[in-house]
Each structure stands twice: as structure tokens, then as C-alpha cells.
Amino acid sequence: MQQRNRLEPYFENLVFERDDNHMVINFGPQHPSAHGQLRLILEMDGEQVAKAWPDIGYLHRGMEKMAENMIYNEFLPTTDRMDYIAATSNNYAFALAVERLLGIEDKVPRRAKVIRMILLELNRIISHLFWLATHALDVGAMSVFLYCFREREYAMDLMEDYCGARLTHSAVRIGGVPLDLPEGWLERLNWFLNILPEQIELYEGLLSENRIWRMRLENVGVIPPEMAKQWACSGIMLRGSGIPYDIRKEEPYELYDEVDFDVPVSETCDSYGRYKLYMEEMRQSIRIIRQLIPMYKETEPQLLAHVPEYISAHKEDIMTQNYSLMQHFVLVTQGMRPPVGEVYVPTESPKGELGFYIRSEGEPYPYRMKIRAPSFWHTGILQDLLPGHYLADVVTIIGSTNIVFGEIDR
Amino acid sequence: MRPYRPKDNLQAKAYYNDRFWVAPRIPEEPVEDPVFAADLASLQEHYPIQRAYIQRGQLVIHIDAKENKEVLRYLKEELGYDVLSELSAIDYLAQDGEFEIFYQLLSLEKAKRIRVKCRIKEHEAIESVESIFRSADWSEREMYDMFGIKVNNHPNLKRILMPDDWVGHPLRKTYPLHGDEAAQWYEVDKIFGKEYRDIIGPEQRDAAFVDPNDTCNFARIKHEVPRCADPNSEPIRIEKFNDDAPFVETFDLKKAKIVNRDR
């Protein structure tokens with residue numbers, strides 16, 4: 001009797017289902033275009049996706065649990081690790097939420113507000129450059145990746161000059177900013193803002209009319225407006241579906257109601273439209289920072305809000321004034337005790353609506369902190385968005401959602 | 001005597017509390033905003049609202065947990081609150097034996113946000129709102145994963161962040177912050193026996209710790225001794241770094257080349 005062939009083919013990531021000719025593919029969590037630790041289980045009908053199950057949690061560090069066991073100032077550096085592409089936007093969203101909880105939003109000095117906004121928009125540029133670089137690399141354009149990283153490096157240098165860190169900035173404090181801008185920083189920023197528009201034109205020259213780029217992006221990943229609302233999409237994922245909602249415009253925080261900028265909207269609802277929006281948003285960020293530079297020069301030098309109950313005094317006061325030192329000691333060892341209540345504060349981060357829900361019971365530790373990270377829903381939408389698309393488009397769609405796993409898993 | 005630690009809340013607590021300090025409260029303002037007032041009046045005609053107030057610019061309404069789906073459907077279809085931006089729970093089991101569930105809604109036309117809150121007992125389930133807001137699919141899974149709150153009629157109520165076989169729900173206040181002693185010595189007890197605990201010693205968990213007796217893991221830079229030699233023996237002397245060596249003794253800014261930022 002002939003022996004059964006023991007050398008059956010075995011594919012680690014494939015399961016063949018003979019009865020309906022469907023094939024199940026495991027995509028990630030170590031896939032280079034999975035943008036972190038995304039695992040997708042794809043049921044394929046030939047080349048087309050029949051079903052998709054995004055599987056997350058590979059980067060779960062329990063940040064909400066950590067927040068419940070840290071005083072407010074301790075938690076701020078942890079927020080860097082959420083959206084690590086643009087860390088300041090997380091720091092800022094958290095700081096703003098705590099400030100609104102304390103009711104000291106109006107007491108933040110104007111110079112701190114201007115510096116924060118410059119940093120936020122600089123982070124938006126960094127994030128969008130990074131997005132374009134990795135997205136183009138996923139789709140197959142290697143040189144765009146290198147060009148984008150060159151410009152991103154200049155922006156990272158600016159961040160490094162300001163706060164000393166390149167990735168985990170912690171450049172914002174509750175109640176203001178810790179440092180003034182270093183000498184010559186604004187001139188370097190100005191230089192960067194002057195070279196960036198021509199570089200954006202360079203990227204667009206490489207991509208916008210590129211036949212391959214258009215074929216890979218146009219009519220791929222179409223999110224109708226109704227679907228975008230259903231899935232709580234925000235940021236460019238929402239504006240890419242023709243809904244002109246920008247939190248900076250609609251619910252202005254900081255000084256966004258004083259600066260002049262446009263909210264670009266795309267009616268095509270596809271990946272190409274979103275790509276256009278990213279490029280336009282970078283230009284708008286440049287425009288915002290250009291308006292902020294003269295505003296900075298008109299401000300008083302105070303950097304942190306003067307609220308001795310919640311926020312430590314200036315370093316000079318701590319070193320010379322007895323009462324300031326005592327306050328500082330209590331605030332560092334015990335932490336501030338915000339009033340009892342709750343607050344939900346949305347901000348427009350580069351990825352979308354980044355919101356912090358904080359429930360305080362009047363103790364130094366938040367009773368509950370829920371971090372509303374935009375990428376969480378932009379990953380969830382994949383299970384409705386991917387079916388019907390080809391496997392090659394899956395990479396494009398993941399790229400155009402601009403997800404970051406630090407904030408999905410938290 | 002060991003201090004008594006309540007088992008129903010194992011989270012970090014302030015070690016000092018002023019006996020006479022009363023925490024201030026964020027004011028719960030009456031609903032005077034015209035948009036919110038109109039929405040609230042319309043809602044009150046159809047559903048009983050337990051409490052409604054404005055806190056930090058957002059309308060908060062407390063409803064009965066059994067009516068969550070109808071209220072959210074009304075808010076979406078009649079009042080235009082078309083985005084469910086967030087949904088989660090708060091653990092009040094220690095105080096009241098209840099969970100508080102909140103739904104954070106946004107109206108894109110009005111640019112207004114409402115928070116709908118309701119309370120359920122520990123073993124009660126809540127009705128899924130996934131059929132109204134698709135985004136609730138994942139947030140309800142996360143709520144189930146983190147708090148163990150069952151959601152009725154959910155299409156796929158599985159854990160989302162934690163592994164499928166995980167025991168316990170991490171965001172409950174009863175969930176411990178550290179493993180216990182048995183967990184700490186698990187491998188040592190299992191492999192060698194309890195009597196070896198002293199010899200092997202506890203696991204080193206401090207990332208910044210540098211073992212001064214370590215002779216091979218860069219613990220003694222510039223005081224290197226031969227591998228496995230007595231750490232107190234004479235360190236290896238390097239007479240002089242020659243110019244080719246890739247060590248940098250001191251960083252001389254004047255010699256360093258600065259990349260021209262102006263090109």
C-alpha cells in the first residue's frame with residue numbers, strides 16, 4: 001500500500017477552505033506596512049477581500065490604568081507614548097483637559113499659548129510628513145520617503161532645540177510651557193517654513209500626477225459621509241468624506257480663533273482625496289505658524305499660569321520664596337487635587353479628534369481617565385471598508401487611514 | 001499590625017489627607033444655552049430625564065439604563081447628534097455596587113456635545129447601541145474587555161485589547177496593580193523549590209540598575225576588569241586612545257562639523 005504523502009504543503013499564514021474556495025490570510029502583526037502592531041485576518045475570495053477582522057492589542061500598556069494611579073503631572077510624559085509621531089499633540093490634549101477640569105484655561109499666559117500653538121502645528125507638519133513618507137513607501141515610491149524624512153529632520157531639529165527630545169517631547173506642561181523659545185529659534189523656524197512649501201511642491205510633482213500613484217489611490221478606500229459619521233471618523237478621515245468639521249474651527253481652543261486658516265475638504269471620499277488634504281493641511285499649518293511668529297513678539301514673558309493652588313511657581317520663586325517652595329513640595333509629593341467633576345475635551349490632533357475624558361473625585365489621582373484616540377475608530381472602520389477591495393489595496397487603505405498603534409492600544 | 005487595605009479598591013491612594021479639607025466641585029450649571037435647552041425640552045417630552053445640567057460647556061443628561069438605545073436613537077435621528085465619539089464606563093462598585101456608563105455624542109451641524117449617562121448594577125447587562133452607531137461596535141467591546149460589562153445584542157462581543165484567555169477585567173478598581181508573592185517567585189518555586197529563594201534572589205526589575213559586580217555588560221566603563229575577574233581587582237589600563245580609535249573622550253564643539261542649516 002502506498003504511504004500517504006507526508007510532505008504536505010504547509011503555509012504558516014494561509015488557511016485553505018476547500019468548500020467555498022475562500023482563503024484566510026494573516027496580515028501582520030509584524031508586517032512592514034501594518035504601521036505598528038496591526039494584525040488583520042483577511043478572508044480572501046481570489047484576490048478580493050471578502051471579510052476583514054482587524055485584531056489589535058499587541059501594544060496595550062494599560063495607559064488608562066496607569067493614569068488612575070499617577071498624579072496628574074506624572075502622567076504627562078506617559079502621553080508621549082501614545083501618538084509617538086507627534087507627541088506634543090498628546091501632551092497638549094492632556095494638559096488642556098486638566099486645565100479645563102481645574103478651570104484655569106483662561107489663566108494660561110499668552111506667550112505659552114503661542115508657543116504651544118507653534119509646537120502643535122510643527123508637530124502636525126512632522127506627522128503629515130511622516131505619513132506621506134510611509135504611505136508613499138507602502139505604495140512603492142521609495143524616493144518620496146527619503147525626501148520627506150529630510151524635511152522632517154529639520155522639524156525634529158527644531159523640536160530638539162526647543163525641548164531636548166526628538167520623539168517624546170513632553171514640551172507642554174499643565175498651565176503653560178516649561179521653557180521659552182531659545183535664541184535664534186524663530187529664525188530657524190522661519191527658514192524651515194520658507195523651504196517647506198517648495199518641498200511640498202516637489203512631493204506633489206512626484207506624486208499628484210503620477211500615473212501609478214493615481215491608479216493606486218483613486219477610488220480606493222471610498223468612505224461615504226454616512227459611513228464616516230457612523231464610525232466616528234475625525235480629522236482628515238472625516239474631511240476626506242466631504243464633511244467640513246475641524247475642531248480648531250468649530251470648537252476653538254487656544255488662539256485658533258485669532259489666526260486665519262482654511263479647512264480643506266475633499267468631496268471624492270477616496271484615498272487620493274485624503275492625500276490632497278494632507279498636503280493642503282501642511283500648507284495651512286505653515287500659514288498658521290507664520291501668523292504666530294509676530295504674535296509671539298508682542299507677548300509678556302510669563303510662561304506658566306499663576307495658580308498657586310494647582311501649579312508650582314516659577315523656579316526663581318521656588319528658590320527664593322519660602323511659601324512657593326512649600327507649595328512646590330506639596331504639589332510634587334502629593335499632587336494637585338482638582339475639583340470634583342468630569343470633563344471631556346476634544347482637540348484636533350494630526351490624526352483626528354484626540355479627546356481626554358477625566359473624572360475627578362477631588363483626589364490627586366484621576367478616578368477615571370478615558371483617552372479617545374482617533375486611530376482606534378480609524379482601525380475599526382477597516383472591517384467595513386476592506387471587503388470588496390483587492391489585497392494590494394489593503395496596504396493603501398491602511399496607509400491612508402494614518403493609524404498609529406501607540407494610541408490605538410494605549 | 002499591617003494597615004488595613006480595602007479589597008474593593010486596590011488603586012493608589014493619597015497617603016496624606018487633610019481631615020477638614022472639602023473638595024470643591026465643578027458647578028453644574030442650569031441648561032440655559034438655547035440649543036441645549038431646545039434639545040433637552042424635545043427629549044424630555046418623550047423620555048424621562050433624571051438629571052440634566054451643563055458642566056464645562058457640555059450638556060450632561062442622566063437617563064434610565066433600560067432606555068439607552070431609544071434615547072440615543074432619538075438624539076441621532078431627531079436632534080442631529082450623529083457621531084458617537086466615545087463610550088465607556090466608570091467603576092463605582094465599591095461605593096454603590098454600580099457601573100456608570102457614559103455616551104459622548106457630537107452634533108456635526110450644531111458643533112455641540114452631549115454626554116448621556118446611565119447606571120447599571122454589577123451583573124446587569126446593557127443594550128448595545130451598535131445598530132445606531134457603528135462606532136459602538138469597538139467601544140462596547142473595549143468596555144466589556146476592561147470592565148466585564150455584558151452588552152446585549154452585540155454582534156461580536158469579544159475581548160479587544162487583552163488576550164482572549166485573559167482572566168479579570170483590568171480597569172475595575174478591584175484589579176490588583178501588582179502580582180502577589182506567589183507570582184513573584186513562581187519560576188523559582190516551581191523549578192528549584194522555595195528554599196532557593198534566598199540563593200537566587202528576586203528578579204531585577206529596575207531598568208536603571210547597574211550591577212557593580214557585573215564584569216561583562218558595560219557596567220564598569222573605564223574601570224573594566226577582565227571578564228569574570230574579581231571586580232575589585234586592578235582595572236585594565238588603556239594608556240592612550242590613538243587617533244584612529246572610535247572613542248570620543250571629550251566632545252569638542254569647535255572641531256565638530258556643523259551641517260549648514262542655510263545650505
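1. Within chain A of this predicted model, contacts between residues at least 6 apart in sequence were counted, and 68% of them join residues at least 24 apart.

2. As for secondary structure, chain A has 17 helices and seven strands. Its radius of gyration is 23 Å, close to the 22 Å that the globule rule gives for 410 residues, so chain A is as compact as a globular protein of that length. Taken along the principal axes, the box filled by the C-alpha atoms of chain A is roughly 95 × 50 × 35 Å.

3. Next, the interface between the chains. On the chain B side 36 residues take part, and they are in contact with 42 residues of chain A. Three elements of chain B, namely β3 (83–92), β5 (112–121) and α4 (136–147), each supply at least two residues of the side that touches chain A. The largest share of that side of chain B, six residues, comes from β3(B).

4. What is the make-up of the side of chain B that touches chain A, in nonpolar, polar and charged residues? There are 19 nonpolar residues on this side of chain B, along with seven polar and 10 charged ones.

How values were computed. Residues numbered from 1 in each chain as written. Chains lettered and ligands numbered in written order. Predicted model: local features only at pLDDT ≥ 70, side-chain atom pairs only at ≥ 80, totals over all residues. Contact = placed C-beta atoms within 7 Å. Helix = DSSP H or I, 4+ residues; strand = E, 2+ residues; numbered from the N terminus. Nonpolar A, V, L, I, M, F, W, Y, C, P; charged D, E, K, R; others polar. Rg over C-alpha atoms; globule rule 2.2 N^0.38 Å.
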